[in-house]
Amino acid sequence: MRILVVEDDRLLNHTLCYNLSVVGYKVDAAMTKAEAEALYEKQDYDLAVLDVNLPDGNGFDFCRELKERRPDTAVIFLTARDMESDMLRGFELGADDYVTKPFPISVFRKKVAALLARMQKHSARDCFDDGNLLINFTEMSATLAGEAISFTPLEYRLLKVLTKNPQIVLTRQVLLEKLWDADENYVDEHALTSAVSRIRGKIEGSGFQYIKTVYGMGYLWIGGMNK
């Protein structure tokens, strides 16, 4: 797995990178927000370790930009401030964990290992999970805010196509082709429109929007933005 460390303290940056690399992770280092942006433009990361305070910006802004473009990248914040408001802001932006400086490297490594292990487990189970909506495509089960919800087989197939192609406009024709199942059960435009409408009714009533209609084209999975 590949990790991006964004920390402007040169010694701490080197220490974190060294301790992560010796246990087998591929690690890239950045000391500024601009350096970090240049790296993630060229490379996907499983985890970003972000300092809150950077010379040319802050980790919160970088986290927001990263999650918009790479929503599956996990984030751990590093900060010298032990403030509840900062922690809440980080979690609202999609952070997975928070570490307050100073911290033992052994504890930090365990946090990283535990987080990446959870990610691998979810990936192996073929899931979508944003902390609010959980869809297990292997077991064909789902929960919204911890409450069980049900989808039809067609809705599960449609959700899988959408969630595996986030932030990409999928035309109606492309979706219809992908939804034609192995038993040659034909899906027409009316069935597609009805399936999208039913899915929205089940997952977007909690203040989140997951599917955006791109008029004249098709649909876009935007992944749980606040309405």
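Visitor: In which sense do strand S1 and S2 pair, and over how many bridges?
Guide: This is a predicted model. Strand S1 covers residues 2–6. Arg-2 stands opposite Lys-26 in S2. S1 and S2 pair in the parallel sense, over five bridges.

Visitor: What is the order of the five strands in the open sheet?
Guide: Strands of a sheet pair through backbone hydrogen bonds, either parallel or antiparallel. In this open sheet the pairing is parallel. The order is S2-S1-S3-S6-S7.

Visitor: Which strands stand at the edges?
Guide: Look for strands with a single partner strand.

Visitor: What does the twist average from one strand to the next?
Guide: Step across the sheet in the order S2-S1-S3-S6-S7. From one strand to the next, the twist averages 15°.

Visitor: Which strands does helix H1 touch?
Guide: Helix H1 spans residues 10–21 and packs on the sheet. Its direction makes about 170° with that of S2. The strands touched by H1 are S1, S2 and S6 (74–79).

Visitor: What angle does the direction of helix H3 make with that of S6?
Guide: Helix H3, residues 59–69, also packs on the sheet. H3 touches S1, strand S3 (47–51), S6 and S7. Its direction and that of S6 make an angle of about 175°.

Visitor: Are H2 and H3 roughly parallel or roughly antiparallel?
Guide: Two packed helices are described by the angle between their axes and the distance between the axes. The axes of H2 (residues 33–42) and H3 come within 11 Å and cross at roughly 10°. Angles under 35 degrees count as roughly parallel. So H2 and H3 are roughly parallel.

Visitor: Which residues of H3 make the contact with H2?
Guide: From H2 come Lys-33, Ala-36, Glu-37, Tyr-40 and Glu-41. Facing them in the contact, H3 supplies Asp-61, Phe-62, Glu-65, Leu-66 and Arg-69.

Visitor: Is Asp-51 buried or exposed?
Guide: Asp-51 lies in strand S3. UniProt, in an unreviewed entry, lists Asp-51 for "modified residue: 4-aspartylphosphate". Its relative accessible area is 4%, and buried means under 20%. So Asp-51 is buried.

Visitor: What arc do the buried residues of helix H7 cover around the axis?
Guide: In H7 (residues 172–179), Arg-172, Leu-175, Leu-176 and Leu-179 are buried. They sit on the same side of H7, because their arc is only 100°.

Notes
Residues numbered from 1 in each chain as written. Predicted model: local features only at pLDDT ≥ 70, side-chain atom pairs only at ≥ 80, totals over all residues. Heavy atoms only, no water. Pairing = 2+ DSSP bridges. Helix = DSSP H or I, 4+ residues; strand = E, 2+ residues; numbered from the N terminus. Axes fitted to C-alpha atoms, helices over the stretch in contact; angles between N-to-C directions. Contact = heavy atoms within 4.5 Å. UniProt positions renumbered as here; feature names shortened; annotations may be inferred. Buried < 20%, exposed > 50% of the residue type's maximum accessible area, 1.4 Å probe, protein only. Arc of directions from axis to C-beta. Parallel < 35°, antiparallel > 145°, perpendicular 65-115°, else oblique.
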